[in-house]
Amino acid sequence: MLSPIIEEALNGQIKIEAQSSQIYLAMASWAEVLGFEGVAQFMYAHSDEERMHMLKLVKFINERGGHAKISALDAPPTEFGSFKEMFQELFKHEVKVSACINDLVDICLKEKDYATHNFLQWYVSEQIEEEALARNILDKIKLIGDDKGGFYLFDNDIKLLITTANKA
Ligand code: OFO
């Protein structure tokens with residue numbers, strides 16, 4: 001059984017994951033309109049992944065006797081400047097999400113909720129991977145600089161970074 005404090009904190013995380021999914025969907029659409037098919041595919045997959053993170057929380061809360069709440073979301077931007085800026089934004093966002101997960105883990109320890117603490121370890125590992133992936137992409141963009149041909153190849157290569165879970 002979840003304590004009201006944990007239930008509320010997990011419900012807050014549902015909103016964060018849903019918001020991440022919306023932001024990445026907006027990035028996917030923006031990249032698609034610009035004709036960058038690889039980046040668009042990557043971002044669509046990333047958006048789906050965040051929705052899966054959200055659903056995992058919904059199921060967990062309900063299975064543990066709580067009530068998962070689905071709340072309204074803020075509209076994400078429609079333009080993201082350049083791909084460098086877009087991926088910088090993505091990286092910053094993931095760092096923020098990691099901090100939220102860490103706060104949640106902290107609350108679980110304070111509340112002595114070891115089951116939820118255990119459940120959250122999956123998110124802790126996921127955030128390490130997501131931050132590393134975003135950093136890796138930013139390094140590649142830095143190498144490309146203003147080279148248009150490099151961007152063409154990058155758009156092609158980024159499809160390879162879509163995780164197998166998302167290809168299904
Ligand atoms: Fe990329 O954030 Fe979910 O957990």
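How many residues apart in helix H3 are Lys-110 and Asp-106? I looked that up and more, and here are my notes.

**Ground rules.** I'm working with a predicted model, where local features need pLDDT of at least 70, side-chain atom pairs count only at pLDDT 80 or more, and totals for chains, interfaces and linings use all residues. Residues are numbered from 1 along each chain as its sequence is written, and side-chain values use heavy atoms, with hydrogens and water left out.

**My opening pair.** Lys-110 and Asp-106 are 4 residues apart in helix H3, so about one helical turn separates them. Their side chains meet in a salt bridge, at 2.9 Å from N to O. I had to check the term: a salt bridge is a side-chain nitrogen of Lys or Arg within 4 Å of a carboxyl oxygen of Asp or Glu. Side chains of opposite charge can pair when their charged atoms come close. Lys-110 is exposed, with a relative accessible area of 65%, while Asp-106 is partly exposed at 39%. For those words, buried means under 20% relative accessible area, exposed means over 50%, and partly exposed is in between (1.4 Å probe, protein chains only).

**Other salt bridges.** I searched the whole structure and got 3 salt bridges. Another one joins the side chains of Glu-89 and Lys-92, at 3.5 Å from N to O. These two are 3 residues apart in helix H3, which covers residues 83-111, so they too are separated by about one helical turn. Glu-89 is partly exposed with a relative accessible area of 36%, and Lys-92 counts as exposed at 52%.

Then I moved on to helix H4, residues 114-144, where Arg-135 and Glu-131 sit 4 residues apart, about one helical turn. Their closest N and O atoms are 3.6 Å apart, and they form a salt bridge. Is Glu-131 buried or exposed? Glu-131 counts as buried, at 16% relative accessibility.

**Between the helices.** I also stopped at Lys-112, which lies in the loop between H3 and H4. Lys-112 is not a glycine, although it has a positive phi of about 55 degrees. At 60% relative accessibility, Lys-112 counts as exposed.

**Zooming out.** I counted 6 helices and 0 strands in the protein chain. From the N terminus on, the order reads α-α-α-α-α-α. Helices (H or I, at least four residues) and strands (E, at least two) are DSSP runs, numbered from the N terminus.

For the overall shape, the C-alpha atoms fill a box of roughly 55 × 30 × 25 Å along the principal axes. Of the 168 residues, 43% are buried. I then looked at contacts (heavy atoms within 4.5 Å). Among those between residues at least 6 apart in sequence, 80% join residues at least 24 apart.
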